Amino acid sequence: MRTEREQRLIDTVAWVRIEGGRILCARPRGKDVFYIPGGKREGAETDLETLLREIDEELTVALLPDTVTHVGTYEAAIPDALVRMACYTADYTGTLAASSEIDEIAWFTYADRPQVPPVDQLLFDDLRQAGLISY
């Protein structure tokens with residue numbers, strides 16, 4: 001059994017896209033849970049490099065690097081690991097569409113919070129408190 005100090009870290013980045021009081025979420029192929037789009041870094045990638053790659057792969061759009069802004073980093077424990085999610089907003093070019101990795105994209109309100117993992121729920125809480133997503 002690992003101690004808290006030895007707990008496995010799942011280090012991710014996520015794209016926070018809000019339109020009309022709803023936040024963009026994606027359900028990966030073969031999963032039942034929706035997530036804020038993004039993913040894990042590969043090798044020595046920076047947050048920006050990871051974010052640009054993951055969003056291109058998942059949603060077939062290109063984020064505009066000069067518009068990327070950090071909005072917060074969240075951490076939540078799950079069985080056997082700690083998930084850290086660095087969240088960024090950014091403008092994009094292209095048309096949002098689910099890629100071969102993604103089964104479905106959806107626009108969620110705060111009422112949809114139970115459909116996302118614990119770390120995403122922390123982001124939902126902050127966005128709701130700031131009045132950025134609707135109930």
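Helices here are DSSP runs of H or I with at least four residues, strands are runs of E with at least two, and both are numbered from the N terminus. On that basis the chain of this predicted model runs β-β-β-β-α-β-β-β-β-β-α from the N terminus on. The radius of gyration is 14 Å, close to the 14 Å that the globule rule gives for 135 residues, so the chain is as compact as a globular protein of that length. In total there are 2 helices and 9 strands. The C-alpha trace spans about 45 × 35 × 30 Å along its principal axes.

Contacts across the sequence come next. Among contacts with a separation of 6 or more, 64% join residues 24 or more positions apart. Of the 135 residues, 41% count as buried, a term that stands for under 20% relative accessible area.

Helix α1 covers residues 47-59. Its 13 residues reach 17 Å from the first C-alpha to the last, close to the 18 Å expected at 1.5 Å a residue. The buried residues of α1 are Thr50, Leu51, Arg53, Glu54, Ile55, Glu58 and Leu59. Just after α1, Thr60 takes a positive phi of about 55°.

The surface remains. The chain exposes about 7500 Å², and carbon and sulfur atoms supply 49% of that area. As for charge, there are 14 positive and 24 negative side chains. The centres of these two sets lie 4 Å apart.

Terms used. Residues are numbered from 1 along each chain as its sequence is written. This is a predicted model: local features need pLDDT of at least 70, side-chain atom pairs count only at pLDDT 80 or more; totals for chains, interfaces and linings use all residues. Side-chain values use heavy atoms; hydrogens and water are left out. The radius of gyration is taken over C-alpha atoms; the globule rule is 2.2 Å times the number of residues to the power 0.38. Buried means under 20% relative accessible area, exposed over 50%, partly exposed in between (1.4 Å probe, protein chains only). Contact means heavy atoms within 4.5 Å. Accessible areas come from the Shrake-Rupley method with a 1.4 Å probe; for residues, only the protein chains shown count as cover. Lys and Arg count as positive and Asp and Glu as negative; His and the chain ends are not counted. The place of a charge is taken as NZ of Lys, CZ of Arg, CG of Asp or CD of Glu. The expected span of a helix is 1.5 Å times one less than its number of residues.
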